[in-house]
Amino acid sequence: MAKLYFKFGTMGSSKTASALMCKFNYEERGFRVLLIKSCIDKRDEQNGEIVVKSRIGLWSKCYTFSCEQNLFEFVKDKGYLNSRDVVIVDEAQFLTKEQVEQLKEVSEFVPVLCYGLLTNFKTELFEGSKRLVEIADSLHEIKSVCRCGKKANVNARLIDGKISVDGDEILLGGNSSYEAVCFSCYEKLLKEVKKN
Ligand SMILES: [Zn+2]
């Protein structure tokens, strides 16, 4: 039986590059890959088409889905429930709890590989990531390094260069950016902001 995989990492841990390399690998071996992501993530467009794009330059066209869409029906409609089909989800933290459960159903037929963040900028689990940790058959951490050299596990939100712990969970673009840091560097950054 196929499996539901969750491969998680911080911002900048090359999750998207890993997802694209995985797609390439499957295709090289004659599998058909359905690459999808939530329409919440609209950052990467190329000639009006939504793409999955990694910072090291790899990219691929993808399909997007809304929060209301049933992903079992979505994958079925696209015709990807046959043997030698694979589903890859980028930015899986934006899945709803129900969508993760629908992907679990999909994984009864074909492998489903989800790539995404584990926690938000407040160090709390995203809804989709929480459900994935609960019901995925396989969990794998894609590791990355903090500015101090330790393992990074917090996605700090910086606004005009200063750490911020307020605001909505999803905030793309603008004057905000993210840096993956370890927990002690995160605490240090918080203290610096409180001092000022
Ligand atoms: Zn650190």
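With a relative accessibility of 30%, Glu 101 counts as partly exposed, a class that lies between buried (under 20% relative accessible area) and exposed (over 50%), as computed with a 1.4 Å probe on protein chains only. The model is predicted, and local features therefore require a pLDDT of at least 70 and side-chain atom pairs a pLDDT of 80 or more, whereas totals for chains, interfaces and linings use all residues. Residues are numbered from 1 along each chain as its sequence is written, and side-chain values use heavy atoms, with hydrogens and water left out.

Glu 101 forms a salt bridge with Lys 97, the closest N and O atoms being 4.0 Å apart; the term denotes a side-chain nitrogen of Lys or Arg within 4 Å of a carboxyl oxygen of Asp or Glu. The two residues are four positions apart in helix 3, which means that about one helical turn separates them; helices (H or I, at least four residues) and strands (E, at least two) are DSSP runs numbered from the N terminus. Lys 97 is likewise partly exposed, with a relative accessible area of 38%. Through salt bridges that share partners, Lys 97 and Glu 101 are joined with Lys 130, Arg 131 and Glu 134 into one network.

Helix 3 also packs against helix 4 (residues 127-135) at an angle of about 35 degrees, with 8 Å between the axes, the axes being lines fitted to C-alpha atoms over the stretch in contact and the angles running from 0 to 180 degrees between N-to-C directions. The crossing of the two helices is right-handed, that is, the near helix is turned clockwise from the far one by less than a right angle. On the helix 3 side Lys 97, Glu 98, Val 100, Glu 101 and Lys 104 meet Glu 127, Gly 128, Arg 131, Leu 132 and Ile 135 of helix 4, where contact means heavy atoms within 4.5 Å.

In total, 11 salt bridges are counted. One of them pairs Asp 85 with Arg 32 at 3.0 Å between the closest N and O atoms, linking strand 7 to strand 2 (residues 32-38) across 53 residues of sequence. Asp 85 is buried, at 4% relative accessible area, whereas Arg 32, at 38%, is partly exposed.

Cys 146, in the loop between strand 9 (138-142) and strand 10 (154-159), lies 39 residues from Cys 185 in helix 5 (residues 183-195), and both are buried.

Phe 94, located in the loop between strand 7 (85-90) and helix 3 (97-106), is buried at 9% relative accessibility. Residues up to four places away in sequence aside, Phe 94 touches Ser 38, Ile 40, Asp 41, Gln 99, Phe 126 and Ile 170.
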